[in-house]
Amino acid sequence: DFERAPEFAATVQAGVRSADSLGTVQVRTWGELAPDVETFIKLKLGGTYVMMFVITLIIAVIVANVVTMSVLERTREYGVRLALGESASRLTSSVLIESLLLALFCSVIGTGLGVALVEYYGAVGLSSGMGEIETAGVTLTGVLYPKTTISAILFAVVTVLVFATVGTVYPALRIRRIRVMDALHFS
């Protein structure tokens with residue numbers, strides 16, 4: 001873990017100091033020895049977050065489309081409910097809550113499946129098909145061992161919930177413009 005490497009190196013250096021009376025042993029992090037690798041890892045992490053953002057944005061567009069179609073298909077139902085005296089704000093909030101609950105439910109299922117896959121491939125490894133690669137004097141194996149991080153899980157769940165909410169706002173507000181007589185004749 002490149003973020004915790006400096007504190008780990010300091011701990012090891014303190015242990016070595018007590019055993020090395022001449023002071024000839026120095027502990028260095030691999031970031032100090034191979035800064036190119038550290039840069040590569042930071043770029044990889046940044047690229048991962050950008051890709052997750054793009055995928056989630058696509059999901060938000062799909063959610064907006066689904067909710068819009070749902071609102072259009074239920075226009076007659078909304079007209080009846082409005083005619084019976086239900087407020088437009090209550091209908092709007094019901095659509096928002098329904099969408100958020102669905103997004104939360106799907107986030108939990110998706111997170112569970114994703115964590116299970118990452119844990120599986122973290123144990124058995126995932127071959128990149130490239131064999132070993134050497135860069136900046138460091139040999140990297142062609143087998144990847146992913147691991148689950150809390151930050152990645154939180155990023156994914158929060159992003160899905162935010163985009164689901166944003167994707168639901170327009171269709172939900174569309175309900176406020178429904179005219180009862182037009183909705184009752186809507187087919």
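Author: Let's start with the crossing of α3 and α6, which is right-handed. A crossing gets that name if the near helix is turned clockwise from the far one by less than a right angle, and left-handed if anticlockwise. The helices themselves are DSSP runs (H or I, at least four residues), numbered from the N terminus; strands would be E runs of at least two. Please keep in mind that this is a predicted model, in which local features need pLDDT of at least 70 and side-chain atom pairs count only at pLDDT 80 or more, while totals for chains, interfaces and linings use all residues. Residues are numbered from 1 along each chain as its sequence is written, and side-chain values use heavy atoms, with hydrogens and water left out.

Two packed helices are described by the angle between their axes and the distance between the axes. Helix α3 covers residues 35–73 and helix α6 residues 150–174; they pack at an angle of about 30°, with their axes 8 Å apart. The axes are lines fitted to C-alpha atoms, for helices over the stretch in contact, and angles run from 0 to 180 degrees between N-to-C directions. The angle makes α3 roughly parallel to α6 (under 35 degrees counts as roughly parallel, over 145 as roughly antiparallel, 65 to 115 as roughly perpendicular and the rest as oblique). Contact here means heavy atoms within 4.5 Å. Among the residues that make it are Tyr49, Phe53 and Leu57 of α3 and Phe155, Thr159 and Phe163 of α6. By class, this contact of α3 with α6 has 17 nonpolar, six polar and one charged residues. Ala, Val, Leu, Ile, Met, Phe, Trp, Tyr, Cys and Pro count as nonpolar, Asp, Glu, Lys and Arg as charged, and the others, Gly among them, as polar.

Now follow α6 to another partner, α5. The axes of α5 and α6 come within 9 Å and cross at roughly 155°. That makes α5 roughly antiparallel to α6, and α5 passes α6 in a right-handed crossing. The contact includes Leu96, Leu100 and Leu104 of α5, together with Val157, Leu161 and Val169 of α6. Its residues divide into 14 nonpolar, six polar and no charged.

Finally, α5 (residues 88–124) also packs with helix α4 (residues 75–83): their axes come within 10 Å and cross at roughly 140°. α4 and α5 are therefore oblique to each other, and their crossing is right-handed. Here Tyr78, Arg81 and Leu82 in α4 meet Ala88, Leu91, Ser94 and Val95 in α5.
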